[in-house]
Each structure stands twice: as structure tokens, then as C-alpha cells.
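Here are my notes on the model you sent over. Have a look at the structure first, then go through the points in order.

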Amino acid sequence: MVLSMERRRGKVAVVTGASAGIGAKIIEMMVKNGMIVIGIARRSELVEKHAEKLANQPGKLHAMKVDMTDDGAIVKAFEEIERKFDPIHVLVNNAGIFPTGSLLNGTTEFWRKVIDTNVLALCTATREAIRIMKKNGVDGDIININSIAGHKVPLLPFLNIYPASKFAVTAICESLRQELVEEGSKIRVTSISPGAVGTEGFEVMKNDVEKMESIPSLDPEDVADSIEYVLSTPPHVQVYELTIKPVGEKF
């Protein structure tokens with residue numbers, strides 16, 4: 001199998017949750033490989049700063065401010081992308097939250113925000129991206145940033161509803177794959193399931209929860225590298241599930 005990003009040059013990719021952490025490394029990787037990237041985030045000003053730093057790279061980064069808990073805003077964003085750019089070839093559903101809390105004492109509002117961000121926003125963005133791909137005859141890629149918590153609940157009770165949201169992503173990936181196969185579509189679906197990743201949220205968690213201090217973590221760049229691998233594979237190859245863990249992780 002020959003791995004190459006050459007066929008991705010000049011193609012449009014949409015990355016949600018692009019302002020920091022994993023998302024920031026994904027957009028950097030894509031721009032360096034010559035892709036046209038729309039980085040979606042609430043903190044779009046951070047994406048704009050990334051665009052300035054990447055100005056001399058082969059690709060181009062565009063920032064777009066979107067609240068991923070607002071279904072209407074997501075739909076409007078993809079309509080704008082459709083008007084302004086070439087057809088979408090890659091969607092990376094990276095936006096997600098994992099605030100600590102409790103199922104015993106949590107609030108419905110708290111849980112709803114997690115589900116809206118981690119599950120419903122992913123579904124809406126995927127629907128809109130595939131609509132554009134189909135309309136333009138594009139055999140694209142849908143890449144979902146999942147988690148090892150989407151396959152087995154870690155012994156970390158403070159994660160509350162987060163594992164449930166990621167188990168949902170695992171099921172959605174398979175349901176989507178089956179629907180696309182049924183239609184005869186060659187759009188590829190990939191679930192990337194990292195262990196702990198050293199993002200802003202992880203560092204906050206380490207400060208809040210004593211048990212987290214000894215947990216090893218991946219770098220955000222490691223996750224971006226895994227996506228580069230997926231996008232480098234030939235069109236007939238579907239990397240359906242890719243799990244990456246830091247050495248020494250006990251989950």
C-alpha cells in the first residue's frame with residue numbers, strides 16, 4: 001500500500017473544534033499538505049492566528065465562527081462553505097467537551113450540552129458535509145474524533161456522561177458506514193479513538209482530579225498524525241477504527 005497525501009493538495013477540508021489542542025494540530029497538518037481548510041470554532045480568533053502563522057505554507061486556512069450546539073448555525077455554516085469554496089472532500093468532527101462532574105449530582109443542562117456538542121453536532125455536520133459530497137460526486141472522508149471511552153468506560157467516575165456520548169459516536173460511525181454501503185457510496189468513515197491527550201481540557205482535569213496526575217498522555221500532534229495516515233491511504237482502503245494510546249496507559 002502506497003501512502004501519499006498528494007491527491008489531497010488543493011482539496012477542501014472542514015475541521016470542527018479547530019481553535020486549540022487536537023484541532024489546531026489537524027489544521028496545521030492539512031495546510032502543510034496543501035489543503036484548503038475551514039477551521040470551525042467558537043474562538044475563531046484563535047483560528048485566525050493559526051492562519052497567520054501558516055500563511056507561507058502550501059495550503060490555506062480560513063476561520064469560521066460557529067456555535068456547535070446550535071443546529072441552525074451549523075447548517076448555515078455549511079451553506080456558506082458550499083457557496084464560497086470547492087466541494088468538501090474531508091470532514092473532521094473534532095469538536096467535543098469532557099467537563100468533569102457527576103451523574104448523581106449533575107444537571108440536565110450540563111448533560112445536554114455534552115450530548116449536543118459531542119453527538120448531535122457531529123451528526124448535523126456529517127449530514128451537511130455528505131450532502132455536499134453527494135451533490136458534487138465526491139468520494140470523501142468523514143473522520144470522527146472518538147475516544148477509548150467510546151469502547152470501554154475507564155475507571156474514572158468523574159467523566160459522568162462523557163463515555164455515553166462517545167459510545168454514541170462509535171454506534172453512529174457504524175450506522176453511517178452501513179447506510180453508505182447500502183447506497184453504494186464510496187465515502188469513507190473513520191473513527192479515531194485516542195487515549196488521554198495533553199490538551200487544555202486534560203491539563204485542567206489534572207489540576208482538578210488527583211488521580212489524573214499519574215496518567216500518561218499523547219500529544220495532540222499524535223492524533224493529527226493518525227489522521228494524516230488515514231488520508232494518505234488509497235481510495236479503496238478504509239481505516240475504519242484507529243485506536244492510539246500513550247505507552248503505559250492502564251485503561
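Predicted model: local features only at pLDDT ≥ 70, side-chain atom pairs only at ≥ 80, totals over all residues.

1. Start with helix H3 (residues 71-84) and helix H4 (residues 108-135): their axes come within 10 Å and cross at roughly 25 degrees. Angles under 35 degrees count as roughly parallel, so H3 is roughly parallel to H4. H3 passes H4 in a right-handed crossing.

2. Who makes that contact? On the H3 side you'll find Asp71, Ile74, Val75, Phe78, Glu79 and Glu82. H4 brings Ala121, Thr124, Ala125, Arg127, Glu128, Ala129, Arg131, Ile132 and Lys135. Sorted by class, the contact of H3 with H4 has seven nonpolar, one polar and seven charged residues.

3. Next, H4 and helix H5 (residues 162-183). The two pack at an angle of about 20 degrees, with their axes 9 Å apart, and are therefore roughly parallel to each other. The crossing of H4 and H5 is right-handed.

4. For this second contact, H4 uses Val114, Ile115, Asn118, Val119, Leu122, Cys123, Thr126, Ile130 and Lys134. Facing them in H5 are Tyr162, Ser165, Ala168, Val169, Ile172, Leu176, Leu180 and Glu183. What is the make-up by class of the contact of H4 with H5? There are 12 nonpolar, three polar and two charged residues.

Conventions:
Residues numbered from 1 in each chain as written. Heavy atoms only, no water. Axes fitted to C-alpha atoms, helices over the stretch in contact; angles between N-to-C directions. Helix = DSSP H or I, 4+ residues; strand = E, 2+ residues; numbered from the N terminus. Parallel < 35°, antiparallel > 145°, perpendicular 65-115°, else oblique. Left-handed = near helix turned anticlockwise from the far one by under 90°. Contact = heavy atoms within 4.5 Å. Nonpolar A, V, L, I, M, F, W, Y, C, P; charged D, E, K, R; others polar.
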